[in-house]
Amino acid sequence: MKPIIKTGLNKFYNKGMHQDAFDNIYIADILNHRIEKWTPDSTEGITIVGGNGQGSSSDQLDYPGGVYVDDNGNIFIADTGNHRIQKWLPGATEGITVAGGNGKGSSSDQFNHPNGLHVTSDGSIFISDSGNHRIQKWLSGATKGVTVAGGNESGFGTNQLSYPNDVFINEGNIYVSDWGNDRIQIFTLNTTHGITII
C-alpha cells in the first residue's frame, strides 16, 4: 500500500494494520496519532495507544506508520514522525522506546521516518527505514541497528531500495515493499542483493 505523502513535510507514511491470532485488527490511525483496536464483529474501535494529540511524549505518537502485535500482546509501533519504535505492554498507558528516538538521521541508532516493521520470535525488530532507503534489524535490547537490506542511497539496483514502506520476515528471508521502485524485493538469508518477485 502506498504511503501518504504530506506536502511540505517531506514525510512518508504507511497505512499500517495488523491482525492477531484472535482476529482482532489493529490500525495505525495516522492523522489521529493513535492505534485503534477493532475486535471481531465490533462496530467501532478502541484507542489502545496514543490518542493524546500529536507529540513526542511517552503517551503520544506522531503520524504512526506500521503496527505489529506479538504473541504476548505487546504492541510495536513505527512512530514515524518521532523517528522511533515504541513498545506498549498490554494495558499500558505509556510506551517505551526500543529503537531509535535519537532524532532524525542515518546513524545506526537513528531513523529517517520509519514505516513498516516486523517482530520475529526471538524479539528482533526489522524496520523499513524509509527515508534512509534501508531495512534495519535491531536485536532485542540493542541500542543500535544493523542494515540488512539497502542502505546504498536511493536507487533501483539489486542492492538498493527507494523509500521502502513495509517489511516481512519468513524463514529468515526479508520481503520488502520497495515503494519508490514499484516492486517487492526478497533478500534471502545473509545476502546483500535482492531479487524482484513482484
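Which side chains meet in a salt bridge with R84? The side chain of D79 does, at 2.7 Å from N to O. Before going further, note that this is a predicted model.

Side chains of opposite charge can pair when their charged atoms come close. A search of the whole structure finds five salt bridges. For the one I opened with, R84 counts as buried because its relative accessibility is 7%. D79 has a relative accessibility of 0%, so D79 counts as buried too.

Next, D129 and R134. Their side chains meet in a salt bridge, again 2.7 Å, N to O. D129 is buried, and R134 is buried as well. Then there is R183 with D178, whose side chains form a salt bridge at 2.7 Å, N to O. Both R183 and D178 are buried. Finally, salt bridges link D29, R34 and E36 into a network.

Strand β4 covers residues 25-29 and strand β5 covers residues 34-38. These two strands pair in the antiparallel sense, over five bridges. Within that pairing, A28 stands opposite I35 in β5.

How many strands form the open sheet, and in what order? There are four, in the order β3-β4-β5-β6, and the pairing is antiparallel. At the edges stand β3, residues 17-19, and β6, residues 46-50. Each of these has a single partner strand, so one side of each is left without a neighbour in the sheet. From one strand to the next, the twist averages 20 degrees.

Now the aromatic side chains. The structure holds three aromatic pairs, and I will go through two of them. F111 and W138 form a tilted pair, with 5.7 Å from centre to centre and 40 degrees between the planes. F111 lies in the loop between β10 (96-100) and β11 (114-119), whereas W138 is in strand β13, residues 134-138. The pair therefore ties together parts that are 27 residues apart in sequence. Is this pair buried or exposed? F111 has a relative accessibility of 0%, so F111 counts as buried. W138 is at 2% and therefore counts as buried also.

The other pair I want to show is F168 with Y175. This pair is tilted too, at 6.3 Å from centre to centre with 55 degrees between the planes. F168 is partly exposed, with a relative accessible area of 43%. Y175 is partly exposed as well, at 23%.

You will find V176 in strand β16, residues 173-178. At 1% relative accessibility, V176 counts as buried. Which residues does V176 touch, not counting those up to four places away in sequence? The list is I135, L161, P164, D166, R183, I184, Q185 and F187. R183 has come up already, as the residue whose side chain meets that of D178 in a salt bridge.

For a sense of distance, take V176 and S42. They are 134 residues apart in sequence, and their C-alpha atoms are 32 Å apart in space.

To recap two points: the search of the whole structure finds five salt bridges, and the sheet I described is open, with antiparallel pairing. That is what I have.

Notes: Residues are numbered from 1 along each chain as its sequence is written. This is a predicted model: local features need pLDDT of at least 70, side-chain atom pairs count only at pLDDT 80 or more; totals for chains, interfaces and linings use all residues. Side-chain values use heavy atoms; hydrogens and water are left out. Two strands pair if DSSP finds at least two bridges between them. Axes are lines fitted to C-alpha atoms, for helices over the stretch in contact, and angles run from 0 to 180 degrees between N-to-C directions. Rings of Phe, Tyr and Trp (its six-membered ring) pair if their centres lie within 6.5 Å; planes under 30 degrees apart count as stacked, over 60 as edge-to-face and the rest as tilted. Buried means under 20% relative accessible area, exposed over 50%, partly exposed in between (1.4 Å probe, protein chains only). Contact means heavy atoms within 4.5 Å. A salt bridge is a side-chain nitrogen of Lys or Arg within 4 Å of a carboxyl oxygen of Asp or Glu.
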